[in-house]
Amino acid sequence: MQQEPDASSFPNGGIRNTFEARGYSAWDISSPAFILDHTLCIPTVFVSYTGESLDYKTPLLRSLNSVDKAATRVAKFFNPEVNHVICNLGWEQEYFLVDEALYAARPDLVMTGRTLMGHESAKNQQLEDHYFGAIPSRVEAFMVDLETEAHRLGIPAKTCHNEVAPNQFEIAPIYEEANLANDHNLLLMSLMEEVAKRHNFRVLFHEKPFAGINGSGKHNNWSLGTDNGILLFSPGKNQHDNFRFVTFVANVMAAVFKHNGLLKASIINATNAHRLGANEAPPAIISMFLGSAVSSILDMVEKVDSISKISIDGKEKITLDIAQIPELTLDNTDRNRTSPFAFTGNRFEYRAVGSSANNASALIALNAAVAAQLDDFANVVEARVAKGEDPEAAILAEVKKLLAESKAIHFDGNGYSEEWKQEAARRGLDVETSAPLMYDSYTRPDTIEMFEKTGVLSRKEIEARNEVKWEMYTKKIQIESRVLGDLAINHIIPAAVRYQSLLLDNVFKIQQLFKGSKADTISSQDLVNIEAISDHVQAIKSGVENMINARKQANRIKSEREKAIAYHDNICPFMDQIRYHIDKLELMVDNEIWPLPKYRELLFIR
């Protein structure tokens with residue numbers, strides 16, 4: 001039941017010194033043990049010798065317990081027989097598959113999980129023919145094998161399909177209790193890598209492995225349900241149930257509004273930062289999409305003085321006037337792919353979570369924020385009732401107040417537009433785009449108070465985790481910049497110079513064979529290319545040198561926060577500049593000389 005792994009040999013934010021090795025793991029009995037490769041695997045929590053959590057599971061379990069207690073208090077206002085509220089999670093795991101031989105020929109993919117260079121393929125996703133196309137037979141064989149292995153481990157895989165970008169796919173399960181669902185997702189990611197190797201594939205979980213096409217997310221479909229089968233985010237069949245629905249939606253709106261910066265910080269890292277705000281991914285601004293139906297209901301609630309006036313229309317039908325096609329039922333809301341946090345019928349879809357992420361990071365912040373808000377709501381309502389106010393009137397008054405206070409978080413429009421970014425800033429939402437600065441949301445006084453009040457994280461645990469986040473951001477960018485510098489100097493420039501030499505040799509021979517203006521006319525394009533190659537090569541050399549110097553300066557900084565900021569502000573721009581010139585060379589250099597597989601091979605060889 002209890003074991004003792006080393007608690008100092010991994011990033012711990014200063015909680016453990018190198019000479020303090022002892023830590024403890026203990027079986028989480030709510031998550032079943034399983035056998036993998038003839039080994040008994042036991043899900044555990046992991047804590048330090050002094051009791052601080054060193055994992056994601058411990059604070060996740062605390063947050064689930066906190067939201068259970070708080071949501072149960074509010075649910076009892078409507079259904080006194082409720083004893084527990086369960087947090088459910090249905091994740092959608094997006095990923096890319098790359099042929100193993102091509103993967104091995106791309107050091108940037110091997111070392112960083114993404115292509116640090118590469119010009120867009122002439123064909124990528126612009127025809128939009130992959131999503132609804134047939135699954136390639138080799139990929140289908142991988143999917144069948146994966147589903148079989150997943151079910152052997154109790155992972156309820158439900159759907160496997162193509163995604164929008166070429167060579168991008170998705171697997172999703174039937175929803176489960178959140179702790180178990182997260183364990184299953186982490187197990188599945190490991191399983192996917194093993195199964196892919198059997199089929200000579202490599203799985204890419206990086207949020208943006210290829211520039212210019214869709215990145216990969218892990219949409220978290222998050223919901224709350226009672227132990228007697230009531231979905232708290234599902235509109236009901238009578239006024240009482242609809243009032244409960246509106247109450248819980250209003251509290252979630254208030255929680256997301258108060259802690260929108262924290263929720264963004266919980267999903268951001270060096271890899272997901274490339275994805276947010278590009279090619280269908282939501283922007284780096286947390287807002288809530290509710291849809292026209294729910295929006296009109298909430299507008300109605302703000303104006304009524306009695307729950308008897310709250311009405312929710314049933315689902316509409318579409319008739320296609322085709323004899324063999326039945327009526328189609330419309331959901332209460334459409335989907336908004338630019339919204340990071342969208343209502344989708346009976347749950348909220350947290351779309352901003354990245355494909356490589358541990359879901360627990362987002363769930364810890366979301367559950368804690370909602371739990372704190374529900375507790376505050378219950379306290380106010382109970383106090384008003386204790387003074388003799390009618391319970392329904394007290395609840396309605398507080399719901400109307402929450403809706404008025406949290407209007408700024410509600411946005412149903414296009415999250416990509418420049419107008420929204422400006423409007424979000426005017427509304428007071430967090431519009432920071434630097435990942436290292438986003439992490440400051442964790443150490444705001446109101447955030448620390450919220451985490452401590454709910455018992456999810458202590459101040460010491462929060463500060464340690466931030467140190468780890470800054471450290472990990474720095475190291476990921478550091479590794480990428482080193483790999484980019486190596487490839488630029490030792491792969492790209494030699495290939496470009498070799499091709500340039502061939503052009504020079506060709507020009508020399510033309511000048512020898514033809515004389516005067518005719519020779520100049522024949523060799524003019526080669527001369528233009530020779531000069532352009534020289535310019536790009538010089539720009540790459542200069543960029544790599546400047547990047548190395550900026551990295552050396554950043555490495556002298558002692559503060560992990562300031563070092564991460566320096567890497568974001570000073571190193572990343574050089575990486576973009578270097579890539580620009582390499583991608584230009586890719587279009588110029590002889591394909592037989594170019595040293596790396598191109599996007600057309602990586603994305604279309606299956």
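Which residue does the side chain of His184 join in a polar contact? The partner is Glu176, at 2.8 Å between the two side chains. A polar contact is a pair of N or O atoms within 3.5 Å; within protein, one must be able to donate a hydrogen and the other to accept it, and residues adjacent in sequence count only if both atoms are side-chain atoms.

This is a predicted model, where local features need pLDDT of at least 70, side-chain atom pairs count only at pLDDT 80 or more, and totals for chains, interfaces and linings use all residues. Residues are numbered from 1 along each chain as its sequence is written, and side-chain values use heavy atoms, without hydrogens and water.

Stay with His184. It sits in helix α5, residues 178-198. Helices are DSSP runs of H or I with at least four residues, strands are runs of E with at least two, and both are numbered from the N terminus. His184 has a relative accessible area of 9%, so it is buried. Buried means under 20%, exposed over 50%, and partly exposed in between, with a 1.4 Å probe and protein chains only. Beyond its neighbours within four places in sequence, His184 contacts Trp91, Leu153, Gly154, Ile155, Pro156 and Glu176. Contact means heavy atoms within 4.5 Å.

Now move to Ser53. This residue lies in the loop between β5 (44-48) and α1 (57-75). Its relative accessible area is 3%, so Ser53 is buried. The Ser53 side chain makes a polar contact of 2.6 Å with the side chain of Arg465. Leaving out residues up to four places away in sequence, Ser53 also touches others, including Phe46, Thr58, Arg62, Leu457 and Glu461.

Next come the helix pairs. Two packed helices are described by the angle between their axes and the distance between the axes. Axes are lines fitted to C-alpha atoms, for helices over the stretch in contact, and angles run from 0 to 180 degrees between N-to-C directions.

Helix α15 (residues 516-555) packs with helix α16 (residues 560-586) at about 165°, with the axes 9 Å apart. The two are therefore roughly antiparallel. Residues of this contact divide into 16 nonpolar, six polar and three charged.

Helices α9 (residues 359-386) and α10 (residues 391-405) cross at roughly 140°, and their axes come within 9 Å. They are therefore oblique. Angles under 35 degrees count as roughly parallel, over 145 as roughly antiparallel, 65 to 115 as roughly perpendicular, and the rest as oblique. In α9, Phe377 and Val381 are among the residues that meet α10, where the partners include Ala394 and Leu402.

Conventions
Nonpolar A, V, L, I, M, F, W, Y, C, P; charged D, E, K, R; others polar.
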